[in-house]
Amino acid sequence: MLGFLLYLFFMIPFCLFNNWHIFIYMLFFFFFFFFLNFGSNFFCFISYFFGMDLVSYLFICLSIWNLYSNGFFYNEMSFKTYFLFFSFLSFISFVNIMCCFFSCWFFLFLFFFEASLIPVFLIIFGWGYQPERLMAGYYLIFYTLFASFPFLIVIFYVYYIYGGFFYFFNIKFFSDFLGFFILFSFLVKFPLFGVHLWLPKAHVEAPVSGSMILAGVLLKLGGYGFFRSLTFLYFFIMNYSSFFMSISLYGCLLISLFCLVQSDLKILIAYSSVCHMAVVICGLFSLSMWGVLGSIMFMLGHGFVSSGLFYLVSVVYDRLGSRSFFLISGLMNFMPSLSLFWFLFCCMNMSCPPTINLFSEISIVFSLIFWSKFTYIFVFFFLFFSACYSLTIFFLTQHGSFSSMIKICSNCNSLNYFVLLFHLYPVLFMMLDMFFFCLFF
């Protein structure tokens, strides 16, 4: 582990070279050595406090993939300044986020998660688009801190009673207060409908790097913590699953309708993330094998697809200066190659085959129907409206009459297509080996 950290640290001087190819080659070497040396079907200790199994390995790979694929969009500032900042950010974020997934103790997980919010907070404050970025940063920090403080008290209480709070302790909490305080911390990070207002604000005001890290990595930390705490909260989830699943299904339906009336691309994609995370919450609360498996797969697929959609919006915003449907129509006539990626990502957003999102949604739908037949109506409308707003994104941006701004904007370069392809092919090619995900159980 120390070798990977030193590798990242000594990559920082490469930002002084005026050639981004060197940086990308070094990142690919990092990918190769990481994927070669890690990954197993059983739990393995890295040290006394850190370890890894198949679930944490998948989320670590997702984090590395998203963290470095968003670093090649340096139009916002000079090359050297951006890559110097990104090198420091990648080093700090890798330490924090990887330690979240490597840690075997809930205290370390909570500590490193709150520390990983600091780089995203600085990105929103420093390179946000509007003056409202200050309020968005405050929403991000205070929502998560408010939810994490009761969880910290629970951790200290469990340390006092049992002497530790390890992921694989064979204990069950019978207290509803302990169960609620633990789950509330993770549900705000997902986020659950009702405590989701920080997410659209943070996405809209953040630059492309902040949006991609937020959608691809930080939202998954809540789901990972939820997954690790399922064994402790069995009785609480059995007693109150109907309440939380009702909120999630009802909120999923409302947010899907809300997406259909949006005129800002980034707000629409941010609210679609809230809608998809509500489906993940339902799958985890079902406590079935298909629900938990589908939720893990859905989080992986969403990490790539949502991050790619935010990158597409940023490519268009960088050239046209607008994210409104009324001003950026007719892009297919001007950038047909980019329109292909728009079409593919919109199809993956509504879980078309052959993507990992399709199998994950099928698994979650099966678990919901087995849990209660009354979820039929919510599942039907969610799938229908999900297809509606995904097709709305494609039709209103790519078709229609020319916008007057298109005549003065520049075309895409190979670097943009490289980043989009970087997000595209994991979602497609993970479908070729679905037995890999069945090793969880």
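User: Before we get going, what does buried mean here, and what is the relative accessible area of Phe190?

Analyst: Buried means under 20% relative accessible area. This is a predicted model, and in it Phe190 counts as buried because its value falls under that cut-off. The relative accessible area of Phe190 is 0%.

User: How many aromatic pairs are there in this model?

Analyst: Ring centres have to lie within 6.5 Å to pair. By this rule, the count of aromatic pairs comes to 46.

User: Take Phe151 and Phe186: is that pair stacked or edge-to-face?

Analyst: The centres of Phe151 and Phe186 are 5.3 Å apart, with 65° between the planes. Planes over 60 degrees apart count as edge-to-face, so that's the class for this pair. Phe151 sits in helix H6 and Phe186 in helix H7, 35 residues apart, so the pair links distant parts of the chain. Both residues are buried, and their pair is edge-to-face.

User: And Phe190 with Phe226, which parts of the chain does that pair link?

Analyst: With centres 6.2 Å apart and planes at 65°, the Phe190 and Phe226 rings are edge-to-face. They're 36 residues apart, and the pair links distant parts of the chain. Phe226 is buried too, at 0% relative accessibility. The parts linked are the loop between H7 and helix H8, which holds Phe190, and helix H9, which holds Phe226.

User: Which residue lies over the face of Tyr139?

Analyst: For a Lys, NZ has to be within 6 Å of the ring centre. Here the distance from the Tyr139 ring centre is 5.2 Å. The residue over that face is Lys201.

Technical notes:
Residues are numbered from 1 along each chain as its sequence is written. This is a predicted model: local features need pLDDT of at least 70, side-chain atom pairs count only at pLDDT 80 or more; totals for chains, interfaces and linings use all residues. Side-chain values use heavy atoms; hydrogens and water are left out. Rings of Phe, Tyr and Trp (its six-membered ring) pair if their centres lie within 6.5 Å; planes under 30 degrees apart count as stacked, over 60 as edge-to-face and the rest as tilted. Helices (H or I, at least four residues) and strands (E, at least two) are DSSP runs, numbered from the N terminus. Buried means under 20% relative accessible area, exposed over 50%, partly exposed in between (1.4 Å probe, protein chains only). A charge sits over a ring if NZ of Lys or CZ of Arg is within 6 Å of the ring centre and within 35 degrees of the ring normal.
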